[in-house]
Each structure stands twice: as C-alpha cells, then as structure tokens.
Amino acid sequence: MNLSAQDHQTFFTCDSDHLRPADAIMQKAWRERNPQARISAAHEALELEDCATAYILLAEEEATTIMEAERLFKQALKAGDGCYRRSQQLQHHGTQYEAQHRRDTNVLVYIKRRLAMCSRKLGRTREAVKMMRDLMKEFPLLSMFNIHENLLESLLELQNYADVQAVLAKYDDISLPKSATICYTAALLKARAVSDKFSPEAASRRGLSTAEMNAVEAIHRAVEFNPHVPKYLLEMKSLILPPEHILKRGDSEAIAYAFFHLQHWKRVEGALNLLHCTWEGTFRMIPYPLEKGHLFYPYPICTETADRELLPKAVFHEVSVYPKKELPFFILFTAGLCSFTAMLALLTHQFPELMGVFAKAFLSTLFAPLNFIMEKVESILPSSLWHQLTRI
C-alpha cells in the first residue's frame, strides 16, 4: 500500500531540505494535489541531480507497469543509498544532520521495501522474501512500513508455514499494533492444524478438542479486530480492487486483506469451512461492540465515514457497516400492521360510503369459496341431516 500525502511529507522531507535544491522542489511536490504537477516537479528535480524521492514519485505515479516501476526504484536505490551513507557519517554533528539522516533512512527503507514488493508481484517470491528479511535485519526498529506483513504474505505464497509462525511469534505481541493480516494469519495457522478433519456435527456431539478450541478462539479474536473480513473470505460479498490507502479495522482493510490472502485460505483444506461455522459466534461475546470490546478496544465509530472516502461510490461497492443496525422481524411486522390499520381507519373516517362498498366486495370475494362448498354439501346430504348440521 502507498503512503498517504501526510506520510510522504513526514517520511520524505525535513527542515533542512532548502539546503539541497532538488529536495526543496520535492518538498513542494509532496504537498501538491495535482498529479501532473507532482510529476512535472519530480522531473524538474531530476534535472538538477539524482534525487531518490523524485524517482519514488515517478515510480508510483507515472510508471504504468511493475517492470517500469522496478527500474525507477532501482535508480532511486542508487541515489538514496549514496545520500544515506553521507548523512550517516554526519548524523552526530547536530540536530540538522540528525534530521537529514532520519529522512534518508526512511527513504532507503521505503525504496527497498517497494523493490521487494515488485519482485513479489513479478513472481520472484523467494527473492522478495530474502530482500524483506535483510531489510528487517538491517533496520529492526522501523516497523511503521509494515514490512513484516508483506513478508507474511510472501511466506504464505511459498507455503512456508513454519517461518510464518516465527514471524508471528515476533510481531503478534500484545505491545505492538495489530492488523487484519496479523490476526487472520494467526487464525489461519491455528485452523490449519484442525480444519481438514473438522465437522460441525461431530464437534456438537463430542465437544471441541483443545486444538479446535484454540482455532475457534483465534478466529473470534480476528473477527473482533476486523468484523468485515469473513464475508469477503467466504465470498458472501463481492470483492473489488483494494483502495490505495486503508483504514485499520475498516472495510477498506478487509478488502485489501481478502484480495491478497483469499488464495491462501482456499489452499488450506477446510479452513474456510471452519471460518464459516464459527465466525458469527464472536458477536455473542461482544453484544455492545461500540461500548466495550473483549480482546481489543471498542470498535471505533468513525470507520464508516473514513471508508466512504477511501472506497468507490455505492454504485460500485456497498460499504460494509459494523455493527449493522437490523430490527427484529417481529418489530417490523408489528410496525407494518399498525401502519396498515391506521391507514384503514383514516380512510374509513374520510370516505365511509366508499370504504363500505370496498368492505362488502372484499367479504363477498373472501366468502365466495365457502358458499360454493356449502351449496355442494347441501346438494349431496339428505335434507334431514343438513337441517341437523345447520342447527348445530
């Protein structure tokens, strides 16, 4: 996923950009809202010198293929690596140089991550995994780019479940921020241990085993974090291309996760069946999700508004809303019956003669079949028996 405009300014600019002419141009480019003006500014910066952030902008906004983007990112890597090495030597000379080094580090990490993702998209998955591992080893403290989530997806593609578990053991920690990728991948691994033999009928007879209970609890945990995901994984709701930016715990994150991870759930035999049988049980544990959560904070009420800005209009995609406000059928039926009765009373008061005619016509239509049956019975039975029946 690309960064937001605010992230671009936070990660790719610093207070000393005015000292380097190309960086000064790019500082204005990141604030520019017009895409064509941003691209023109990047080309202008490259005319002055090899500027890593200019190559990043062109790779993300002008390149039309992954191969073209990869070529631009490689040029960005060459320029960014040189800036990083120079600022690394000067970082302790003052706050200005420290800010430059922090910015150059962010740029270098971002470029390497994007190159790894290009390799993943071009089918060079093992190469992508190596690049991500090296990057995480070189910069272990930079978790804001979520490189571990890209690594999890690549390892799942290789079906290297032992390494997936090792990554989760490090990053699925109570002190670290969660995501749909972290929670649902943990649930997938737990489900993988039992899903091939899971049967709801057998489980209801004998009860859940320890491993099955762990899998169900992991699914409930994932659903509590993002309740929109299961309908996309179970294909109860149609998928669209994921948006450029996502909101954690929102519908946009659910679409992005399902788009890239549905194939991994399908690959594990019985995993989707286990999810189908158990995911709705989460809502019994959190009857008031906006007020109190079970394992996470209460569900944020702002997600619907933000997702409507991130996702296409309703004609292309109906935004998933949680908790969905659905009235019980009895209340809807009672409300409809009361409204119908009130309307009849009002019409009878306003047009008594006309409503009397309608009532007679309705009753004659209603009792016509009954009169027909009575006539047939009278014609068949003896008159004495018929008189006894009518007297009763």
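This is a predicted model: local features need pLDDT of at least 70, side-chain atom pairs count only at pLDDT 80 or more; totals for chains, interfaces and linings use all residues.

Aromatic pairs, helices and backbone angles

Visitor: How many aromatic pairs does a search of the whole structure find?

Guide: A search of the whole structure finds 7 aromatic pairs. Rings of Phe, Tyr and Trp (its six-membered ring) pair if their centres lie within 6.5 Å; planes under 30 degrees apart count as stacked, over 60 as edge-to-face and the rest as tilted. The number asked for is 7.

Visitor: Which class describes the pair of Tyr184 and Tyr257?

Guide: The ring centres of Tyr184 and Tyr257 are 5.4 Å apart, and their planes meet at 35°, so the pair is tilted. This pair links distant parts of the chain, 73 residues apart, with Tyr184 in helix H10 (residues 180–192) and Tyr257 in helix H14 (residues 251–267). Helices (H or I, at least four residues) are DSSP runs, numbered from the N terminus. The class is tilted.

Visitor: Are Tyr184 and Tyr257 buried or exposed?

Guide: Buried means under 20% relative accessible area, exposed over 50%, and partly exposed in between (1.4 Å probe, protein chains only). Under this scheme, Tyr184 and Tyr257 are both buried.

Visitor: What is the angle between the planes of Tyr299 and Tyr322?

Guide: Tyr299 lies in the loop between helix H16 (282–285) and helix H17 (303–310), and Tyr322 in the loop between H17 and helix H18 (329–350). Tyr299 is buried at a relative accessible area of 3%, and Tyr322 is buried at 15%. Their rings are 5.0 Å apart, centre to centre, and form an edge-to-face pair with a plane angle of 90°.

Visitor: Which residues do ring pairs link into a cluster?

Guide: Tyr299 and Tyr322 form an aromatic pair. Ring pairs also bring in a Trp and a Phe, and the cluster consists of Trp279, Phe283, Tyr299 and Tyr322.

Visitor: Which residue lies over the face of Phe225?

Guide: A charge sits over a ring if NZ of Lys or CZ of Arg is within 6 Å of the ring centre and within 35 degrees of the ring normal. At 5.4 Å from the ring centre of Phe225, the residue over its face is Arg249.

Visitor: What arc do the buried residues of H3 fall within?

Guide: Helix H3 (residues 35–48) has 14 residues and reaches 21 Å from its first C-alpha to its last, close to the 20 Å expected at 1.5 Å a residue; the expected span is 1.5 Å times one less than the number of residues. Its buried residues include Arg38, Ile39 and Ala42. The arc is that of the directions from the helix axis to the C-beta atoms. Seen down the axis of H3, the buried residues line one face of the helix, since they fall within an arc of 160°.

Visitor: Which residue caps the N-terminal end of H3?

Guide: A polar contact is a pair of N or O atoms within 3.5 Å; within protein, one must be able to donate a hydrogen and the other to accept it, and residues adjacent in sequence count only if both atoms are side-chain atoms. Here a side-chain oxygen lies 3.0 Å from the backbone nitrogen of Gln36, and the capping residue is Asn34.

Visitor: What is the phi of Glu235, approximately?

Guide: Most residues other than glycine have a negative phi. Glu235 lies in the loop between helix H13 (229–233) and H14 and is exposed, with a relative accessible area of 51%. Although Glu235 is not a glycine, its phi is positive, at about 55°.

Note on methods: Residues are numbered from 1 along each chain as its sequence is written. Side-chain values use heavy atoms; hydrogens and water are left out. Helices (H or I, at least four residues) and strands (E, at least two) are DSSP runs, numbered from the N terminus.
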